[in-house]
Amino acid sequence: AAHHVKSRCVLYPGSDVKRFPVPDDKVDWNQIWPQYDPVSYTAPIVKKMPEWADPDIESFSPQFNTINDSVDRTSFEGIYKVKEGKPLNPSGRTGVTGRGLLGRWGPNHAADPIVTRWKVDAKGERVHHPDSRRPILQFVSIKRKDCGEWAIPGGMVDPGEQVSLTLQREFSEEAMNSLSASTAGRAEIHKRITNLFNSPGFQVYKGYVDDPRNTDNAWMETVAVNFHDESGNSVSELPLQAGDDAGQVQWVDVDSSFALYASHAHFLELVATERKAHW
Ligand code: RP5
Ligand code: MG
Ligand code: MG
């Protein structure tokens, strides 16, 4: 896994907990570092044991590196180490032990739907960027309520859930507000996006996410899939409406200068490269 940066952000999100500073050359667990004294933190909401969270490690020893009771505890990064009953982050030190805001010890699996179309002008012609001279892609982006950063409308894979369903469900919840819709409204949303999400999509990335919530013992992993509407016909009419953990939703130009949550910019760079679009 790549050398993480956001996973070492000074202030742990949603708290006043300060991470033990980890310099670049001490991220790797193989670097012996006796002075390392990380802060232990598990957020109160996680301690309350909602259904999406594991118990504290003192009373909990699942089969790590396996699918255990429908919870996928395998990592896309290979077999991870377990030290004194606690899984070790495959990307190295983060300055915090415990789970922070994450529910699961070890990998916390998410899925990221990247819905794209070409940017067009009033005449319907594709817009090219003056610098790269490449056509500009647009993707459906949400503004996260937790940190105010723009992001892909992704979310956690429920125990036993197929990733293909997580992709469609999270897009419906965060970008189309399906959770607040009536039964009829929900059926309408399903009808409008089912063709797009039933298309094979392009698997952009599978692995560790450099998420600011990561700790030494709990981390995010994702499968990011691009659903592209070449003609723009089906997606342009989508009635976007922010919902659940999204505060806003809009079409955003894919461009390297636009700051995004966690390692989402990296996923979009891979999409732009694949589609020969501006980056
Ligand atoms: C990121 O957190 C993933 O890439 C995904 O976008 C997101 C999942 O967490 P929630 O949106 O459910 O908080 O690491
Ligand atoms: Mg969600
Ligand atoms: Mg989400």
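Visitor: How do the residues of the shell around ligand 1 divide into nonpolar, polar and charged?
Guide: In this predicted model, the shell around ligand 1 is made up of seven nonpolar residues, three polar ones and three charged ones.

Visitor: And which of the residues around ligand 1 come nearest?
Guide: Of the 13 residues there, the nearest are Ala110, Gly154, Val209, Asp211 and Met220.

Visitor: Which strands supply at least two residues of that shell?
Guide: Strand 7 (106-118), strand 10 (155-156) and strand 12 (218-228) each contribute at least two residues to the shell around ligand 1.

Visitor: Switching topic, what does UniProt place at residues 118-274?
Guide: The UniProt record, an unreviewed entry, gives the feature "domain: Nudix hydrolase" for that span.

Visitor: What about serine 70, where is its place?
Guide: Serine 70 sits in the loop between strand 2 (67-68) and strand 3 (71-72), and its phi is positive, about 65°, although serine 70 is not a glycine.

Visitor: Is serine 70 buried or exposed, and why?
Guide: Serine 70 counts as exposed because it has 9 C-beta neighbours inside 10 Å, and a residue with 12 or fewer is classed that way.

Visitor: Where is the place of glutamate 84, then?
Guide: Glutamate 84 lies in the loop between strand 4 (82-83) and strand 5 (86-87), with a positive phi near 50°, and it counts as exposed because it has 6 C-beta neighbours inside 10 Å.

Visitor: Last one: what does the model score?
Guide: The scores are ipTM 0.98 and pTM 0.96, while the protein chain averages a pLDDT of 95, with 99% of the residues scoring at least 70.

Conventions. Residues numbered from 1 in each chain as written. Chains lettered and ligands numbered in written order. Predicted model: local features only at pLDDT ≥ 70, side-chain atom pairs only at ≥ 80, totals over all residues. Near = placed C-beta within 6 Å. Helix = DSSP H or I, 4+ residues; strand = E, 2+ residues; numbered from the N terminus. Nonpolar A, V, L, I, M, F, W, Y, C, P; charged D, E, K, R; others polar. pLDDT = per-residue confidence, 0-100. UniProt positions renumbered as here; feature names shortened; annotations may be inferred. Buried ≥ 20, exposed ≤ 12 C-beta atoms within 10 Å, placed from the backbone.
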